[in-house]
Amino acid sequence: MSRRPVNPSRRIVDGASIPFMATVQSKSRSSPLISIGLVIVGAILLIGYSYSGSGGSSSDIEAVRKLRKFEGSVSCTSEVQRALPILKKAYGHSMQKVLHVGPDTCPVVSKLLKEEDTEAWGVEPYEIDDTDATCKSLVHKGIVRVADIKFPLPYGPKSFSVVIVSDTLDYLSPKYLNRTLPELIRVSSDGVVIFAGYPGQQRAKGAELSKFGRPAKLRSSSWWIRYFVQNRLEENEAASKKFEQASAKRSYKSACQVFHLKSHH
């Protein structure tokens with residue numbers, strides 16, 4: 001058992017034992033049997049609490065699993081889910097046909113599909129691990145695909161109104177960025193939204209190397225802007241302005257850099 005799930009239980013048990021400690025101190029001259037009995041009772045309660053905690057509900061276990069997964073790191077794919085209401089304000093009806101590209105795309109696609117009059121698809125750039133029934137269903141229906149984004153995407157031109165990409169471009173060298181970004185633009189009609197990490201953000205090194213093959217290359221906003229200019233990729237100024245306005249109204253501040261690009265055709 002890892003240390004974090006144990007610590008809360010230790011704190012709860014310690015907190016619960018304070019009245020007992022006060023009683024022991026106030027009656028320090030009482031029979032030693034009372035103190036021994038209290039210690040035994042406390043031990044039994046501790047064992048019982050730990051046992052019940054190990055058999056917690058599936059939702060609690062899932063919450064802990066997700067916390068461990070992103071603990072000490074930043075997930076721009078999780079940030080996409082937070083930003084969906086802001087994106088809907090910025091892109092309006094264009095958010096009715098969306099493609100998300102990035103690891104753990106199933107939760108993003110599932111959330112989009114719950115929106116009224118919204119169609120959504122996802123591309124998982126890496127192998128899907130620990131899939132739940134919902135994700136397996138999305139893959140089985142072809143809504144979510146596993147595809148190497150360093151190669152042409154399995155979609156025709158303008159297949160989607162908006163393409164959102166997260167936690168993916170940070171792992172590509174400029175050589176592969178030159179292949180991938182034009183593909184994302186090709187399959188979009190109204191724009192591409194990029195969620196990229198900030199320099200200095202922590203990432204789970206072990207998970208990076210096993211899943212992505214290389215650590216993330218977190219670039220500054222000036223690097224990205226220079227790259228866009230050099231490759232003649234235009235900023236979608238209208239969408240960017242609406243995104244900023246909607247963010248200000250909702251007091252939303254992204255944990256990742258967000259760039260809005262126009263679709264060229």
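1. Buried here means under 20% relative accessible area. C256 has 2% relative accessibility, so C256 counts as buried. Keep in mind that this is a predicted model.

2. C256 has a disulfide partner. The bond runs to C76, with an S to S distance of 2.1 Å. C76 is buried too, at a relative accessible area of 0%. The torsion about the S-S bond of C76 and C256 is about -105 degrees, so this disulfide is left-handed.

3. Is E79 buried or exposed? Its relative accessible area is 5%, so E79 is a buried residue. Setting aside neighbours within four places in sequence, E79 contacts F195 and the residues Y252, K253, S254, A255 and C256. One of these, C256, is the cysteine bonded to C76.

4. How many disulfides does the structure hold? There are 2. Counting bonded cysteines along the chain, the pattern is 1-4, 2-3.

5. The other bond joins C106 to C135, with S to S at 2.0 Å. This link is right-handed, with 50 degrees about the S-S bond. C106 lies in helix α6 and C135 in helix α7, so the bond ties together parts that are 29 residues apart in sequence. Both C106 and C135 are buried.

6. Helix α6 takes in residues 105–113, and helix α7 residues 133–140. Their axes come within 10 Å and cross at roughly 80 degrees. Angles of 65 to 115 degrees count as roughly perpendicular, so α6 is roughly perpendicular to α7.

7. Which residues of α6 and α7 make the contact? From α6 come C106, V109, S110 and L113. From α7 come T134, C135 and L138. By class, the contact of α6 with α7 has 5 nonpolar residues, 2 polar ones and no charged ones.

8. To recap the two links: C76 to C256 is left-handed, whereas C106 to C135 is right-handed. The C106 and C135 pair connects helix α6 to helix α7.

Methods
Residues numbered from 1 in each chain as written. Predicted model: local features only at pLDDT ≥ 70, side-chain atom pairs only at ≥ 80, totals over all residues. Heavy atoms only, no water. Axes fitted to C-alpha atoms, helices over the stretch in contact; angles between N-to-C directions. Helix = DSSP H or I, 4+ residues; strand = E, 2+ residues; numbered from the N terminus. Parallel < 35°, antiparallel > 145°, perpendicular 65-115°, else oblique. Contact = heavy atoms within 4.5 Å. Nonpolar A, V, L, I, M, F, W, Y, C, P; charged D, E, K, R; others polar. Buried < 20%, exposed > 50% of the residue type's maximum accessible area, 1.4 Å probe, protein only. Disulfide = S-S within 2.5 Å.
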